Amino acid sequence: MALSEIFCQDKAIGSLQRAYAAGRMAHAYLFEGADGVGKRTTARAWAKMLLCENKQTVNAEPAFVDSCGVCHACQTFDAGGHPDFRPIYKELVQFTAKGKNKKTPVDMPIDVIREFLIDKVSSRPTMGDFVVYVVDEAEKVNASSQNALLKVLEEPPAYCVIILLCSRIDKMLPTTLSRCQLVRFGPVSTEQIVGRLTAEGVNEAEAVFWSHFSQGSLGSSLVWSQLQTKDSTVYAIKQQLLEKLCTLQLPDVVDMAEWMGKSAKAIAAAWGKQAENVSTTDITRRSQKALVQMITCALHDVIKLHVGQAEGWVHADQKQCVQALAGRTDAETAARQIEQCCQITRWIDASVNEKLIFEQLLLKLTLNGSEADIMA
Ligand SMILES: [Zn+2]
């Protein structure tokens, strides 16, 4: 994709272009914003432009330079084989010296950072003028790995461009931040997301739901709305989830937990087919967290309803379910239950047994969030 084809991130791309035109291009960037707002797409397109052998001036004022799309470098880039474009992601752990058969961890392994970035920065470009490194999920590079990176970020060789992609800026050390040029990627507006999704054939109520659920992330909205599990869609699963939730009683907990487990597996299986370079463990975790997130959103809607806020509900497409849930959950209880959902999300990251996770969550919800933590 070329820079000019990127949807809804004009501000971020404009700031990159201005610095480039003024000859002040940074060599270490931090692209910050929610998952799916276009950080990775922009990083790739920026890299492609830098590596292009025949850069095109699309616009002189304000300056906008883009890749040509046809030169040898662009074609090699599009085919996924450009030697000077180096994406760094945690799944590379399998290709580190000691990583054979290692499972992908939650955090970015230091060996990946060391062997694929720090040890490589001294190697010069093989085709063009630059080598571009794009570090995925930089928020998962822990403090000691960030410290190991500092020297490289401080003085990268002139041919080196390092882009850290980050959705949680609070996880980055001040020393890392001070060495990077920060480029913020804002949320995409509901209208723009709905416009794009309906153009793909998604119905409007569903499009609005995904836009709110993904907090203005076009990429996530597109993925979610298009995932087809074996015999359903994720949207149909979310509708059932809410229906089950608003009538949930203690005797239903085991069955519903089992249903959630199966649904998470079905979503993960569908997702796995289209997500390259992402480990099964990661996709399973993300699918489980999405189901918990749907419940969290319903509880936020309950609070909004109790305080008389009729706008901006995530589950506005299932108003009756939200009303039924609000009928049995006051605002204070909903707030407590949201806390419990957050705790469950942490358990998912800690790889606690899936069946236990959903059972505990639903138990807590049926006990109205008033009981002491069962496991804590
Ligand atoms: Zn080109």
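1. Basis. The model is predicted, with local features needing pLDDT of at least 70 and side-chain atom pairs counting only at pLDDT 80 or more, while totals for chains, interfaces and linings use all residues. Residue numbers start from 1 along each chain as its sequence is written.

2. Overall content. The protein chain has 15 helices and 7 strands. These are DSSP runs numbered from the N terminus, helices being H or I with at least four residues and strands E with at least two.

3. Overall dimensions. The radius of gyration of the protein chain is 23 Å, which agrees with the value near 21 Å that a compact globule of 376 residues would have. This radius is taken over C-alpha atoms, and the globule rule is 2.2 Å times the number of residues to the power 0.38. The C-alpha trace spans about 65 × 45 × 40 Å along its principal axes.

4. Burial and contacts. Of the 376 residues, 41% count as buried. A residue is buried if 20 or more other C-beta atoms lie within 10 Å of its own, exposed if 12 or fewer, and partly exposed in between, with C-beta atoms placed from the backbone. Among contacts between residues at least 6 apart in sequence, 70% join residues at least 24 apart. Two residues are in contact if their C-beta atoms, placed from the backbone, lie within 7 Å.

5. Helix α1. Residues 10–21 form this helix of 12 residues, and its first and last C-alpha are 16 Å apart, close to the 16 Å expected at 1.5 Å a residue. The expected span is 1.5 Å times one less than the number of residues. The buried residues of α1 are A12, I13, L16 and Q17. Down the helix axis they fall within an arc of 130 degrees, so they line one face of α1. The arc is that of the directions from the helix axis to the C-beta atoms.

6. Surroundings of α1. Its buried residues pack against α2 (39–51), β3 (64–66) and β7 (181–184). The face turned away from the buried side carries the exposed D10 and K11. Just after α1, G23 has a positive phi of about 70 degrees.
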